[in-house]
Amino acid sequence: MPRRRWRIAFLLAFGVLVNFFDRINLSVSRDALHASFGLSLIAFGYLSSAFSWTYALMQMPAGVLLDRLGVRRVGRISALLWSVASFAAALSPGLSWFFGARFLLGVSESPTFPANAKALGYWFTREERGLATAITDAAAKLSSAIGVPFIGVLLFYFGWRWSFAATGFISFLYFVLFYTNYRNPSEDQGLSAEERQFILRGGAQLEDEARPRSGASLSYILRQRKVYGLALGWAPTTTLSFSC
């Protein structure tokens, strides 16, 4: 059985890894930014939260854009903007510019997990979807383990501007990989008929981007206890990821 679907899972996992490199760069560079801009701890707190403001505000609009424009188009635009945000931070002449770069990073990275969930729904059977999701989620945890020392070495030898530029280059590399490799199953020329049928028979989500399906209302979702359980479980993890 061909396994092109697993290549897609690892591609998306690499995107999550890069995504979190961009996020943790700021924390690693705190002392260097203080030396460059005279950044107080309070100002650094505001700067650290700037990403979260736009990231949170864009969650629902990002979902609407994914339904209307599709994973491929939104994924390309957002990945390109990640790299722009990192390069903008590297070139920052002052704090206002740096704040703008972090706001842009929050906007551009907000579709990542919704897009991955949608893509994995297209590419994987019900039985395999849990493992595929775990692979992409594990990349978020791995990012801190390898990203902090990697960025720290860059910062030590080359300075904070080059550490942000490096994450910009890595983000642009992911943009190129995603642009050239990601297709929905119906568009992918490298997907064999055998694997396509296997995915469809296994209960993969059908592609219907032109007319998004109607689903549960927001009020219904907010009445489900499991939603609050998931939120409580994810909140500490997300907070730790941003503060690493």
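Among contacts in the protein between residues at least 6 apart in sequence, what percentage join residues at least 24 apart? The share is 83%, where contact means heavy atoms within 4.5 Å. The model is predicted, and local features need pLDDT of at least 70, side-chain atom pairs count only at pLDDT 80 or more, and totals for chains, interfaces and linings use all residues. Residues are numbered from 1 along each chain as its sequence is written, and side-chain values use heavy atoms, with hydrogens and water left out.

The protein has 12 helices and zero strands. These elements are DSSP runs numbered from the N terminus, helices being H or I with at least four residues and strands E with at least two. Of the 244 residues, 43% count as buried. Buried means under 20% relative accessible area, exposed over 50%, and partly exposed in between, with a 1.4 Å probe and protein chains only.

The axes of helix H1 (residues 4-28) and helix H3 (residues 41-57) come within 10 Å and cross at roughly 165 degrees. Axes here are lines fitted to C-alpha atoms, for helices over the stretch in contact, and angles run from 0 to 180 degrees between N-to-C directions. H1 is therefore roughly antiparallel to H3; angles under 35 degrees count as roughly parallel, over 145 as roughly antiparallel, 65 to 115 as roughly perpendicular and the rest as oblique. The crossing of H1 and H3 is left-handed, a term used if the near helix is turned anticlockwise from the far one by less than a right angle, with right-handed used if clockwise. On the H1 side, Arg23, Leu26 and Ser27 make the contact, and on the H3 side Phe44, Leu47, Ser48, Phe51 and Tyr55. By class, these residues are five nonpolar, two polar and one charged. Ala, Val, Leu, Ile, Met, Phe, Trp, Tyr, Cys and Pro count as nonpolar, Asp, Glu, Lys and Arg as charged, and the others, Gly among them, as polar.

Another pair is formed by H7 and helix H8 (residues 126-158), whose axes come within 10 Å and cross at roughly 145 degrees. The crossing of H7 and H8 is right-handed. Asn116, Leu120 and Gly121 of H7 meet Arg129, Ala132, Thr133 and Thr136 of H8. The contact of H7 with H8 contains two nonpolar, four polar and one charged residues.

The whole structure holds 19 aromatic pairs. Rings of Phe, Tyr and Trp (its six-membered ring) pair if their centres lie within 6.5 Å; planes under 30 degrees apart count as stacked, over 60 as edge-to-face and the rest as tilted. Phe20 and Phe113 form an edge-to-face pair, with 6.3 Å centre to centre and 80 degrees between the planes. This pair links distant parts of the chain, since Phe20 is in helix H1 and Phe113 in helix H7 (residues 112-123), 93 residues apart. Phe20 is buried, with a relative accessible area of 5%, whereas Phe113 is partly exposed at 26%. Phe98 and Trp160 form a tilted pair, 5.8 Å centre to centre with 45 degrees between the planes. Phe98 lies in helix H6 (residues 95-109) and Trp160 in helix H9 (residues 160-181), so this pair ties together parts 62 residues apart in sequence. Phe98 is buried at 0% relative accessibility, and Trp160 is buried at 6%.

One aromatic cluster is formed by Phe14, Trp82, Tyr174, Phe178 and Tyr182. Within it, Tyr174 lies in helix H9 and is buried at 4% relative accessibility. The C-alpha atoms of Tyr174 and Val18 are separated by 7.6 Å, although the two are 156 residues apart along the chain. Leaving aside neighbours within four places in sequence, Tyr174 is in contact with Leu11, Leu12, Phe14, Gly15, Val18, Ala79 and Trp82.

Trp82 also touches Ser108, which, leaving aside neighbours within four places in sequence, is in contact with Ser78, Leu81 and Trp82. Ser108 sits in helix H6 and is buried, with a relative accessible area of 2%. Ser108 and Ser78 are 30 residues apart in sequence and 4.7 Å apart in space, C-alpha to C-alpha.
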